[in-house]
Amino acid sequence: MKGQLTEIPILETGNFLLRAIAERDAEDLFYFLSQRKTMQYITPHPVESQNDVLDEILQSMERFVQQTEIPWVIVDKRTGVVIGKFSFHKLSMWHKKAEMAAVISQEYQNSGVMTEVLETVLDYGFDTLELNRIAGDIFAANDASRKLLQNYGFREEGTMRQTDFDGEKFQDTIVFSQLKPEYDARKRNRKHG
């Protein structure tokens, strides 16, 4: 992929659609971004109003214009309901790298949403955007995300100690990454496996 991204592409899996985040998504996103349990591994301070979500959406859209983020919502194709959001953020086309961020509604957690979505976004990131590195940072206690990243060939780079305060204690953050050659090798193994 060469040049500037002019629009956020639609990505599709068997059960889910990733489409550009939009102002109209504020109400649906507020439903789960305001839930402390849903946000437990992301922030101790969930959003408090739909206007907070709208501000976040507008900031994400501005970062897309600046080419530093690609923000999607995840839609359940059967119901049309927004059940999550995903983004490549800290995106640098010069350095060919991005970090991933995802939030899935509590009702859909541990049901295979990210297992299905991750393959598609990695294909887009490495093959279409031609990224060299995709990273994901998770709280050390987030066992489900750790297993998911490991299953998709991400390597643990290290632990950043006590990076975030959750309101009760400090949380360590574990950094995972995958490089293009590692992705290519895994992709070859998928085809021949």
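Predicted model: local features only at pLDDT ≥ 70, side-chain atom pairs only at ≥ 80, totals over all residues.

Me: Why is the pair W72 and Y124 called edge-to-face?

Reply: A search of the whole structure finds 6 aromatic pairs. In the pair of W72 and Y124, the ring centres are 5.8 Å apart and the planes stand at 85°. Pairing needs centres within 6.5 Å, and planes over 60 degrees apart count as edge-to-face, so W72 and Y124 get that name.

Me: What makes this pair a tie between parts apart in sequence?

Reply: W72 sits in strand β3 (residues 69-76), while Y124 belongs to helix α3 (residues 113-128), so the pair links parts that are 52 residues apart in sequence.

Me: How do you know whether W72 and Y124 are buried or exposed?

Reply: The cut-off for buried is under 20% relative accessible area. W72 comes in at 0%, so W72 is buried. Y124 has 8%, so Y124 is buried too.

Me: And what is the pair of F165 and F170 called, and why?

Reply: That one is tilted, because the planes are at 50° with the centres 4.9 Å apart. Stacked would take under 30 degrees and edge-to-face over 60, and the rest are tilted. As for accessibility, partly exposed runs between the buried limit of 20% and the exposed limit of 50%. F165, at 42%, is therefore partly exposed, and F170, at 49%, is partly exposed as well.

Me: Which residues have the most contacts inside the largest nonpolar core?

Reply: They are I70, W72, I74, F86, F88, M100 and L122, in a core of 35 residues. Helix α3 gives the largest share of this core, 8 residues. W72, F86, F88 and Y124 also form one aromatic cluster. F86 touches, among others, L18, I70, W72, M100 and V121.

Me: Why is β4 described as largely enclosed?

Reply: Count the buried residues: 8 of the 11 in β4 qualify, so β4 is largely enclosed by the rest of the structure.

Me: What makes β3 and β4 paired strands?

Reply: Pairing takes at least two bridges, and β3 and β4 have 7, in the antiparallel sense.

Key:
Residues numbered from 1 in each chain as written. Heavy atoms only, no water. Helix = DSSP H or I, 4+ residues; strand = E, 2+ residues; numbered from the N terminus. Buried < 20%, exposed > 50% of the residue type's maximum accessible area, 1.4 Å probe, protein only. Core = buried A, V, L, I, M, F, W, Y, C linked by side-chain atoms within 4.5 Å. Contact = heavy atoms within 4.5 Å. Lists of a residue's contacts leave out its neighbours within four places in sequence.
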